[in-house]
Structures are given as structure tokens and as C-alpha cells.
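I opened my notebook to record what I looked up, one topic at a time.

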Amino acid sequence: MGEQKSLTIKGNMATALGAKLCRPNVVPAYPITPSTLFPEKMSEFIADGELDASMINVESEHSAMSACIGASATGARVVTASASQGVALMHEMLFIASGMRLPIVMAVGNRALSAPINIWCDHQDTIASRDSGWLQFYAENNQEGLDLMINAFRIAEDDRVLLPVMVGIDAFVLTHTIEGVDVPAQEDVDNFLPTYDPKQGTLNPKEPATFGSFAPPEFYQEFKQAQTQAIEDSRSVIDEVFDDYAERFGRQYNKVSTFECDDADIILLTMGSMSGTAREAVRKMRKDGKKVGLAKLTVFRPFPMPELKDILGDAKGVAVIERNISPGFGGAVFAELGATFVNEKDRPIMKNFITGLGGRDIFIENFEEMYQKTKDAVEASKVEEPVEWINMNEEVTR
Amino acid sequence: MAEQMEGDVIGGKKIQEKYLRDEMMPHIFCNGCGLGNVLDYVLWAVEKEGFDMDKTVFLSGIGCSSRIPGYIDADALHTTHGRALGFATGVKMANPELNVIVFTGDGDCIGIGGNHFIHAARRNLNITVIAVNNYIYGMTGGQVAPTTPEGHFGTTAPYGNIESPFDMSKMAIAAGATYVARWPVYRPNQPINSIREGLRNNGFSFIEMMSPCTTAYGRRNKFREIKDLWDFYIDNTILKEEYEMTMKFGSEEEKEAAKDKIIIGELHKISKKPLEDRYRDLVKELME
């Protein structure tokens, strides 16, 4: 094993380095705040001879994903990056990528959607792509950003999966924040991630194949079922790959990571960079004798139902804290967690908190407030307001 | 004297006070950026044409130039990247009485929004497009754009651009625009006159403003000072009339030199009924 190199880098650089270590062949990309550094760095790696790949400077995100699909269909390893409106503009193509079972990996700098225009962090962009058939991972910090990129390629390209993966790092909180990151040695990543060798057929004149052609009512549903089965099968592959990564590189990833959950009455369920602050809030509350824990979702697609049942099943209350909103309902995770427990006799009281939209900071006292509200609901044995908005700007809402 | 600059005071009132939103200042534009000039020229043109601000809508997409409508005290739609002309089509067709002015950049207009651009021009929608061309993706920090000249540098073209650039004005003419002009920002009078012409034109008017991006473009392309970019425009542009004279009467050497230059001036002007008039006429005809 080579030595891991400690670097102090931005989140975008972490995902770019993670991608580079996976030796992609083609990088089609279009700049967008806050992900722009990714294509810039990839272009530099290529120009400096550190990476043997083709860079395609396309004219829109729609074209970026189109080029990803074309390149991936030839059997190339493909990576791109985007955010917000870019992911929204790709929307049509996201379904094509997953429907053609192409293991493209995309780093997303999770950013709010317009209107009004906002360049800061929330998860609306990838959550809105929830049903596109992509696997979705969310990083808490830059180290996770790098590691998840490497894991993403291995999972995506696994014969049992063959699906695209997006890795989310929070806009600015991670993309533009400098943190210490341990970078694995190239030869170790090479050993962890074999060369992409597609067995399902590629665009190759010697063995012609057609991708994405017409599927009439007699066949379409079977295609979709097979695709859905693949994402179901990815559950065990994700565990396998995460464990192998931990063995090789010493960092264990889980679909859901826990902190102080064992005896917790109330568990905070988070996603992305807010988990760091939430962990501090849990530590503080634990000192005050409060029985609170933290569960962090790293994998949102496939939604880790069994793991969440296991972790949250014995708690009295769960605070589902989300940087996304499905207007007319509530948060996406809340909906899915509710459905996860719908057939369970014993289930925790669940409260949904929408906060941190468009870059609004989430502070320790906000987590304390959300804990308290959930605890109050548990004590009252009823939830009067299932979805609440936290840390509103009183001057604006007044 | 109406065609001359009269300082920044009109009828005893500063043009900035009349048209700009104080609360939006200071603006976000960098030192040496041409967007302030472009905004100024458009406001002068609007003032001289006597446009009613209550009947004027400014639209924009995404990018530095698209921030302009935010500074103007008038109705504005700040939309998504490349789509301002799509939104503008909706505004104009829904209420043809409105004056519609679109601010866009080279990336916004001919990159991500290229399709909307050629189709708005093809339909000859009666709107005025102010396309600010800085030859780079400025707001995201200097990535190569579809207008970046060959060999010039961007963060995604560290060894120089190998793609052929678009000529936005030629595209506009080819697609069907009825008024097209191109000016560098260092000339104030001609752009104002062209913008006025554009505002008066009953059809798709396209005014391309060559505008320096010192931060993202100049810095990477050895234009170390603001003046260097202005000089670059001076050295590499030729007035349309001069170009035509050179091609008729110039020596072979002069012709060769002229061929490499960017032609500026009033490039295209024809008369053609705009989409909304044709639509109205058709409805009228069918109803009779």
C-alpha cells in the first residue's frame, strides 16, 4: 500500500482529485457556480499530462450529459460535475443515462434552484433528480467527497449495478471550503478500481449494439423493472464496496452513519455538511444529559430502508432535518422515512424540519430547538405540525 | 446636438438618478469591465427615444451582463441561463405594446442559449437584444466560450482554444435579424445611435457590444491593463465602410490585413414585418 498524502484543499478539488485517481477517459463539462473548479482542475490535469483523458468543453449542461452518455456508451469511463440549474437542465438526460445503464459519475455542488436566483447550498437540485434512476451519495466533508467519488465508480461499474451515480458536496460549505483531505496513492486506487470492462455491449463497430431504441408497451415495463432491480441489487454492492474501501484505506462508509444512537430517545436524521454541526449539537446536548443521537444519510438512493428501520426503530422520536422542500408536502426524506415505517407497528414519532435553504446557516441552537420540538411531540404523543420551518428571518417574514 | 453626448445631465437631472436603483449600488462589475458603459449607453438611448419606463421590460439570462436589469428602475425578468429570449417571446406575444429589451452575454446568447437566439431572430420578434461580448465565460471565472478566439486562453483551455469561435452578429444576420450593429464599448456615440436605431426598428434588433472582461479574460491573455484590451479592440476592428472601401480600392496587402479584422458598425438593416404584427394580421384576416 502506498502512503496517503495529506492535502489541504477545497471540496471541488477533493472531488476532482477523487475523479482523477479513477482515471476517467472522457470529461465533458460545463462550468456552473459552485462546481466550476472541477472542470477547471480536470482540464489542468489533462493539460499537464497528469491525466490521459479527453476534455469536452460543451455549450450547456444538457450537452454535457449528452456527451457523457455518448462517451460512456462506447465503453469509456466518464465523469462530469454540475450543480443547481445545471442538474435541472440535465434532467432529461439523467433518465437516458440510467435507462441505458451507463455508469457515469457526476460530482454535484448541491445548490438551490431558481427562482429567485441563489447560488448557495441546499439539496433541491439533486432531490429533484430523485426519480431519475441515479444512485445518490451525499458527503459531509471534503474527505467524504473524495472517497465517495472513488467508491461511486466502483459501485456504478459493478456488473450487478451498471447505473450512474451522483456525489453531492454542499455548495460553498464544502465546494469552496479548504479542509484537510487524505488522498490515496494512485496504485492503490488502481487496485481498488479495476479498468472499466463493460460486458453489456458498447458502441463498437465489430459488435454492433443499439442503445435506447423504441420499447413498446410489451417491453417497456420490463426494462424499468430490470433497472429498478439493479438499484435494489446495488444495496449489497454498496456495502461490499464500502467495506473493501475501509479495509484498504481505513475510512469506513455506511449508507447511514450513527453517532450516540444506541440509547437515544430522540435521533436527528441529517444529510450533507449539516451533519458536522449536528454532531456538535449532539455532543453538547449529551453533556446536558439529553438522550439524543445522530443518524447521517450518506446514501439517499437507493433509500436505505432496512438500515433506517434498524437504527431508528427503537427511538421514541426522529427529527428529519432537510435542506429540500417538496412544496405541497414537506421534505423528501421525511416522506420516504414515513413510508419506510408505514407497515411497522412500533415506530418513532417523526417530525420534519425544513431549514438551511439557499445557504441559510444551520446553527447548534437550531438543532437544539429541533430536538426540543421533537421531544415535546414525543411527550405529548402527538404531532400537531408535522412539517416545520426552522431559523426563519423574522425581519422578512414579519 | 441631440446626437451628441451632453455630459451625464439631462434636463437638470442626472441620468443615473432617473433610471438606476440606488439601493442596488455598489454594482458588482469589476474595474475595467465594460458593462457599466453598456448600461449607460442603453439608458441614454432609452432617454433619447423617450421610452416610457412603465411600458418597458428588461430581461436577462445568467451571467455578468444579465445582472444589468437589476440596476434599472423598471420591470425586469431575470431568468435562467440562455433562456431570456424564450421568456421575451412570451412577454412580447402576450403584450405587444411593451418595449422589450434583453441584456445577454456571449455565453448566455450564443452558447447555452444559441437555439433560442436563432429562433427569436428567425421569427423577427420585435425586441432589442443588447449582447455584451467579452469573449469568455466571465462570471464563472474565465472558461473558454463559443466566442473565444482561437489560440486565446481560458481556464478550460490552458494551452489555448482550439475551437473556431462564433461571430454573433453574422449569426444574427444569417438567422433573420432585421437590424444588426456591432461596436466596441470605447466608442460612446455610435453605440447609442445604434441602440436607438434598434429600439426604433420594428423587428429583431441585435446590438453586439465588444466589452472587456479584465478579470477573467484580460488577465489570462496578456492584456495586463485595462487599456490593453481597448487597444486590442482598436487594432483589430475595422469600420464596415472602411472595410468595403479597402476591399474595392485597397492594395492586396491592405486587403489581407482587413480580412483578419472584426468588422464594426451598422452591419445590417432591412425592413420586414415582425412576428407579432404578422400574427395580429392573420388573426384579423381570419376573423373578417
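My entries below take up a sheet and then a pair of domains.

I noted that this is a predicted model, where local features need pLDDT of at least 70 and side-chain atom pairs count only at pLDDT 80 or more, while totals for chains, interfaces and linings use all residues. Residues are numbered from 1 along each chain as its sequence is written, chains are lettered from A and ligands numbered from 1 in the order in which they are written, and side-chain values use heavy atoms, with hydrogens and water left out.

Entry on the sheet. In chain B I looked up an open sheet of eight strands, ordered β4-β3-β5-β6-β8-β7-β10-β9 with mixed pairing; strands are DSSP runs (E, at least two residues), numbered from the N terminus, and two of them pair if DSSP finds at least two bridges between them. Strands β4 (75–78) and β9 (237–239) of chain B stand at the edges with a single partner strand each, so one side of each has no neighbour in the sheet. I then followed β3 (residues 56–60) and β5 (residues 99–105) of chain B, which pair in the parallel sense over five bridges, and there B:Phe58 stands opposite B:Ile101 of β5(B).

Entry on the domains. Chain A is divided into domain 1 (5–249) and domain 2 (256–397), with bounds that come from an automatic or database domain assignment, and their C-alpha centres lie 28 Å apart. Across their interface I found five salt bridges, each a side-chain nitrogen of Lys or Arg within 4 Å of a carboxyl oxygen of Asp or Glu. I also looked up the salt bridge between the side chains of A:Arg279 and A:Glu140, at 2.8 Å from N to O.

How values were computed:
Helix = DSSP H or I, 4+ residues; strand = E, 2+ residues; numbered from the N terminus.
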